[in-house]
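Please prepare a short briefing on the structure below. Group the points by topic and keep the sentences brisk.

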Amino acid sequence: MSNNQAIRIASAIITDASGRCLLVRKRGTTHFIQPGGKMEPDELPVAALSRELQEELNLSLISKDFSYVGCFTDEAINEPGRVVIAEIYHSVISATDIQPAAEIEEVIWYSADGSQPVLLAPLTENHLMPLVAMLHQNHSAQLREGG
């Protein structure tokens, strides 16, 4: 795979107190993805993520609000023939009335049990949704332990 086929992004698994995951759908697309976006040249992933969340959802989160999850690669749903390389972070937020802005057309709170019939991008479905329940359990355990 050549470098011009890879799209480097920073995205977030954003969950609420009940363990639901925030997903977005860009205008003119059919699949839901994690919020976030492409990194500018020489931009750190967490800085890109903070910028994208502010632009797309009017969410003001900074680096201390995130924990790093890992780097994942899968097929890019909106750019055929390309792959996405995603630096993934996790954050738990209390605000659940998130409104779309910029190129985001729709925002949903998605339950990891898959009971909502929506189309998920490969990265979201194959790599990130399996992590949502684990991340929620870890966060809940930290709260119980006072951390």
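T15 is buried, because its relative accessible area is 0% (buried is under 20%, exposed over 50%, partly exposed in between, with a 1.4 Å probe and protein chains only). This is a predicted model, in which local features need pLDDT of at least 70, side-chain atom pairs count only at pLDDT 80 or more, and totals for chains, interfaces and linings use all residues. Residues are numbered from 1 along each chain as its sequence is written, and side-chain values use heavy atoms, with hydrogens and water left out.

**T15 and H90**

- T15 sits in strand β1, residues 6-15 (strands are DSSP runs of E with at least two residues, helices are runs of H or I with at least four, and both are numbered from the N terminus).
- H90 belongs to strand β5.
- H90 is buried too, because its relative accessibility is 6%.
- The side chains of T15 and H90 make a polar contact at 2.9 Å (a pair of N or O atoms within 3.5 Å; within protein, one must be able to donate a hydrogen and the other to accept it, and residues adjacent in sequence count only if both atoms are side-chain atoms).
- Neighbours within four places in sequence aside, T15 is in contact with R20, C21, H90, S91, V92, I93, W109 and V132 (contact means heavy atoms within 4.5 Å).
- With residues up to four places away in sequence not counted, H90 touches I13, T15, D65, F66, S67, V69 and L135.

**Salt bridges**

- The whole structure holds 11 salt bridges (a side-chain nitrogen of Lys or Arg within 4 Å of a carboxyl oxygen of Asp or Glu).
- D16 counts as buried because its relative accessibility is 4%, whereas R20 is partly exposed at 28%.
- K38 and E79 form a salt bridge through their side chains, 3.3 Å from N to O.
- That pair links distant parts of the chain, 41 residues apart: K38 is in strand β3, and E79 is in the loop between β4 (67-75) and β5 (83-92).
- K38 is partly exposed at 46% relative accessibility, and E79 is partly exposed at 24%.
- E79 also forms a salt bridge with R82, where the closest N and O atoms are 2.7 Å apart.
- R82 counts as partly exposed, because its relative accessible area is 27%.
- Elsewhere, salt bridges with shared partners join E40, E43, R51, E52 and E55 into one network.

**Largest pocket**

- The largest pocket contains about 360 Å³ of space.
- A pocket is found on a 1 Å grid over the protein atoms alone, as an open set of points where a 1.4 Å probe fits, with protein on both sides within 12 Å along at least five of seven lines; lining residues have an atom within 4 Å of a point.
- Its lining has 19 residues, and I9, K26, I33, N78 and V84 are the closest to the centre.
- Strands β1 and β3 (36-38) and helix α2 (122-144) each supply at least two lining residues.
- By class, the lining has 9 nonpolar, 6 polar and 4 charged residues (Ala, Val, Leu, Ile, Met, Phe, Trp, Tyr, Cys and Pro count as nonpolar, Asp, Glu, Lys and Arg as charged, and the others, Gly among them, as polar).

Note on methods. Points joined across faces, edges and corners; volume = space filled by probe spheres on them.
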